[in-house]
Amino acid sequence: MGRGDGHDDALRRWLREAGGWLVVDGALGTELEAHGADLQDELWSARCLVSAPHLIRKVHLDYLEAGANIITTASYQATLQGFQSRGVSREQGEALLRRSVQIAQEARAIFVEGRSKGPYAARDEKDAVASGARRPVLVAASVGSYGAYLADGSEYTGDYGRSVTKEALKNFHRRRLQVLADAGPDLIAFETIPNKLEAQAYAELLEENDIRIPAWFSFTSKDGASAASGDPITECAAVADSCRRVAAVGINCTVPRLINGLILSISKVTSKPIVVYPNTGETYVAETKEWVDSAGAGAGGGGAPGTDFVSCVGKWRQAGASLVGGCCRTAPATVRAISRALREADAADTDDEFPAVAVL
């Protein structure tokens with residue numbers, strides 16, 4: 001298993017400062033839509049970098065108020081190639097990538113300075129104490145897969161066709177990664193990775209571009225044993241483990257009921273921190289660009305997906321996850337519940353370690 005260096009150590013230090021775990025934010029796109037944004041566009045949430053940056057900042061603040069330690073930038077589907085296809089110049093596209101990081105940094109500054117009083121601000125003394133204690137507050141630059149740029153659902157299958165080689169993927173991502181890194185985020189989140197090939201491309205790019213910002217690799221799975229492409233999840237995680245610039249590895253945009261087994265599988269091939277942020281259990285239909293209910297979608301195979309999701313947070317923590325959040329269709333309320341569930345899991349562990357002693 002890979003040994004930590006400065007990148008791994010930075011994340012571990014943040015975890016120690018936060019008490020052993022960090023809360024990642026939730027979905028961006030559906031929250032932007034809830035605030036009135038029109039995302040019927042191939043650029044998806046990245047469209048708001050042009051049309052409504054204030055809404056992005058608002059959603060970031062909502063998640064911070066709800067208890068998130070890490071907010072991810074609105075760059076998941078923001079690519080230079082995608083911008084150029086919409087008539088945005090390369091220079092303007094690079095400026096928008098930098099802006100995605102700046103907006104998140106602005107939200108953090110507002111939150112840390114105590115100037116945010118939105119609907120998800122701490123509701124009681126317990127939440128207020130927890131909100132103040134859950135430091136640090138970090139910005140993760142989001143890097144979506146090549147399939148996210150295609151906007152054809154291939155980020156959920158990993159089927160890019162034989163013509164898409166590792167070198168082609170590196171060329172596609174190289175400049176975007178460098179621009180995001182130069183903007184000064186705390187972390188770089190490579191999200192919804194559907195196959196081993198793209199993970200290998202990312203790992204090589206981190207080395208070739210000498211990216212010195214801690215990164216995490218997060219894969220997506222449909223069966224609990226493999227990445228979306230069918231590549232064994234252990235092989236995918238091993239790619240991340242072998243790259244000294246990757247600080248954490250895990251799973252996102254996967255149904256909750258598969259998460260525990262995936263954590264256990266990943267932990268067999270890496271000692272790096274594990275990050276998990278599942279969706280609510282629904283299935284994305286690429287043809288209609290809609291999410292639909294899935295049979296047995298919840299963490300326990302039935303019931304309300306959101307309820308099952310939160311009920312398993314303690315179990316995921318016990319299995320080895322140290323960064324926990326939500327992906328598609330989750331909301332600030334989900335993140336607040338995750339934060340509370342992690343605190344309760346910690347309290348239960350403390351009670352088990354130091355049981356009450358009866359006094360006669």
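Student: Which side chain meets that of E106 in a salt bridge?

Tutor: This is a predicted model, so read each contact as a feature of the prediction. A salt bridge is called when a Lys or Arg side-chain nitrogen lies within 4 Å of a carboxyl oxygen of Asp or Glu. Here the partner of E106 is R57, at 2.9 Å from N to O. The two residues belong to distant parts of the chain: R57 sits in helix α4 (residues 53–66) and E106 in helix α6 (residues 90–112), 49 residues apart. E106 is partly exposed, with a relative accessible area of 29%.

Student: How many salt bridges does a search of the whole structure find?

Tutor: The search finds 17. One of them lies inside helix α4, between K58 and D62. Their side chains come to 2.8 Å, N to O, and the residues are 4 apart, about one turn of the helix.

Student: Which strands pair with β10?

Tutor: Strand pairing is read from the bridges between strands and their direction. Strand β1 (residues 22–23) runs parallel to β10 (residues 321–324) and is joined to β10 by 2 bridges; V23 stands opposite V324. Strand β7 (residues 274–277) also pairs with β10 in the parallel sense, over 3 bridges, with V275 opposite L323.

Student: Which residues does the "binding site" annotation cover?

Tutor: The unreviewed UniProt entry lists C253, C327 and C328. They span 76 residues in sequence, yet no two of their C-alpha atoms are more than 6.3 Å apart, so they gather at one spot.

Student: Where is C327 found, and what is C327 in contact with?

Tutor: C327 is in the loop between β10 and α15 (332–353), and C328 lies in that loop too. C327 counts as buried at 11% relative accessibility, and C328 is also buried at 11%. Beyond its neighbours within four places in sequence, C327 has contacts that include C253, N252, G26 and Y277.

How values were computed
Residues numbered from 1 in each chain as written. Predicted model: local features only at pLDDT ≥ 70, side-chain atom pairs only at ≥ 80, totals over all residues. Heavy atoms only, no water. Pairing = 2+ DSSP bridges. UniProt positions renumbered as here; feature names shortened; annotations may be inferred. Buried < 20%, exposed > 50% of the residue type's maximum accessible area, 1.4 Å probe, protein only. Contact = heavy atoms within 4.5 Å.
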